[in-house]
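Subject: Structure handover

Hello,

Here is the structure we talked about. Please open it alongside this email, and the notes below will take you through it.

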Amino acid sequence: MADPNGFLNYPRNDNPYRELAERIKDFAELQVPLSTEERQKQAARCMHCDVPFCHQGIFYGGKWAVSGCPNDNHIPEWNDLIYRGLQRKAYERLILTNPFPEFTGRVCPAPCEKSCAEALNGAGVTIKDNERFLGDLGNDEGWVAEIGKAAEPTGYKIAIIGSGPAGLSAAWRLNQLGHSVTVFEKSDRLGGLLMYGIPNMKLDKKVVQKRIDLMTELGVTFVTNTEIGKTISYEDLSVNFDRIILAIGAGIPRDLNISGREAVGIRFAIDFLTETTKTVLEEGEDNISQSLKGKKVVVIGGGDTGNDCIGTAVRLGAASVSQLEITPSLPTDRLDNNPWPEWPMTLRAGYGQKEAEFVGNTDLTTYQMTATAFQTNAEGQLTGLKVAKVGPDFKALEETEQVIEADLVLLAMGFVGTDTGLLDKFGVQEIYDDYRTNNDKVLVAGDARRGPSLVIWAIREGRKTAEIVDEQLIKVATA
């Protein structure tokens, strides 16, 4: 540890958000990075604990809840190097496990910070902001290109279906190992949810495109507008590639099949966010069309996607925004059954919620509330929705029904899973813990294997899958 008193000498200092009144006028990134000098001070707060809880993912409460970094990033080591001014070495240490710190440093919820030993009795280290600092510096200084150069060609060809974080991570690692990689993407742009599922104000699309352009320069082939079974067949892939990695995500949204669902004005959140990002990319982050001016918007569901919908609706000029959550409100403080280093299940206001309240949407979120029916006019256009309080079983309590006016309802209730039809086309009936499947030539990574999860999980899965593929092919070569 470079400075044993760092956590005493320097208070936590996060990258500040732009002022509310300014940022709601555009889709530019929310945060303003601090200086290198301040980053070094923040890195000095890391205590390099004898038993660190930050850099190893520890499961609790089942398969999905994790404390610490699920990607096993060696956080104390690169924090120490940042403090010492050895930024190149810090970057090299970080990308041994996380090749895309410029992404995670912007969008990861940072379970590592909540499990930081300093978070037990105070504020944890600014791990996420430090990670972004290294990611951006690596791009600015050209370190990414130098470190990402491919090894001697192996002669093996790998197809990756899907260009989200799992697909990109697998492509990056396989290319480093000397394999020929082709990434197929069904959309018109590359990046998967990094491009279209996360709004520009959280993750500037120039950051995503810069990495994709660099990967292209380093030898990865990307093919867009390609749908398996239509543009290209499984048979073609099987004949032309030695291995196939399915990194197709878990993008089937949860629906709300109640009366009036066919009304015009009811949209899945992911479609709404995708359309908005396409407009931003075409017209620029400062040239906002007030497409929701005068409209009453209701977001059904919480989490990051619901928060993103709220922030986007504010920027598009919505007359009002409200949110329905079927679950109870979280407590303001940790409960006894939710101790450190677990993720704190406490009430927090997201950036979008703060923005909505800033422009006058008081009492924004109603908890323990569900929609029971959509109302329409004679033209089939949405005019409102019936809502009701729910009991402990999440079923509507009839005597509590009321009507809310709405011109647009956004369904942000999460995702139910992956496209099993696509798995069937590849003959995948079983997916194993080591990413392999019953089809010896096909592996599955990311949300398609785990279910809907975090970007950092997808990055881990892509990297691990790439290394399994490399091990399989090298064994074949030496057999």
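How many bridges join strand β6 to β17? Three, and the two strands run parallel. Strand β6 covers residues 243-246.

Before the rest, the ground rules. This is a predicted model, so local features need pLDDT of at least 70 and side-chain atom pairs count only at pLDDT 80 or more, while totals for chains, interfaces and linings use all residues. Residues are numbered from 1 along each chain as its sequence is written, and side-chain values use heavy atoms, with hydrogens and water left out.

**The sheet**

Helices (H or I, at least four residues) and strands (E, at least two) are DSSP runs, numbered from the N terminus. Two strands pair if DSSP finds at least two bridges between them. An open sheet of five strands runs in the order β5-β4-β3-β6-β17, with parallel pairing. β5 and β17 (442-444) are at the edges. Each has a single partner strand, so one side of each lacks a neighbour in the sheet. On average, neighbouring strands of this sheet are turned by 20 degrees against each other, direction ignored. The angle is taken between axes, which are lines fitted to C-alpha atoms (for helices over the stretch in contact), and angles run from 0 to 180 degrees between N-to-C directions.

**Aromatic rings**

Rings of Phe, Tyr and Trp (its six-membered ring) pair if their centres lie within 6.5 Å; planes under 30 degrees apart count as stacked, over 60 as edge-to-face and the rest as tilted. The count comes to six aromatic pairs. One of them is Tyr91 with Trp143, a tilted pair at 5.9 Å centre to centre with 50 degrees between the planes. This pair links distant parts of the chain. Tyr91 is in helix α5 (residues 87-94) and Trp143 in helix α9 (residues 143-147), 52 residues apart.

Tyr91 is buried at 1%, and Trp143 is buried at 11%. Elsewhere, Phe100, Phe103 and Trp172 form one aromatic cluster.

**Charges over rings**

A charge sits over a ring if NZ of Lys or CZ of Arg is within 6 Å of the ring centre and within 35 degrees of the ring normal. Lys114 has its charged end over the ring of Trp343, 5.9 Å from the centre. Lys278 does likewise over Tyr196, at 5.3 Å.

**Backbone points to check**

Most residues other than glycine have a negative phi, and most peptide bonds are trans. Here are some exceptions. The Trp340 to Pro341 peptide bond is cis, with omega near 10 degrees. Pro341 lies in the loop between β10 (320-325) and α16 (351-358). Asn225 has a positive phi, near 50 degrees. Asn225 is in the loop between β5 (221-223) and α13 (234-240) and is partly exposed at 48%. Asp363 also has a positive phi, about 50 degrees. Asp363 lies in the loop between α16 and β11 (365-367) and is exposed at 71%.

**A buried glutamate**

Glu118 is in the loop between α7 (111-114) and α8 (127-141). Glu118 is buried, at 9% relative accessibility. Contact means heavy atoms within 4.5 Å. Leaving out residues up to four places away in sequence, Glu118 touches Phe7, Arg45, Cys46, Met47, Ala123, Gly124 and Val125.

Best wishes

Methods. Buried means under 20% relative accessible area, exposed over 50%, partly exposed in between (1.4 Å probe, protein chains only).
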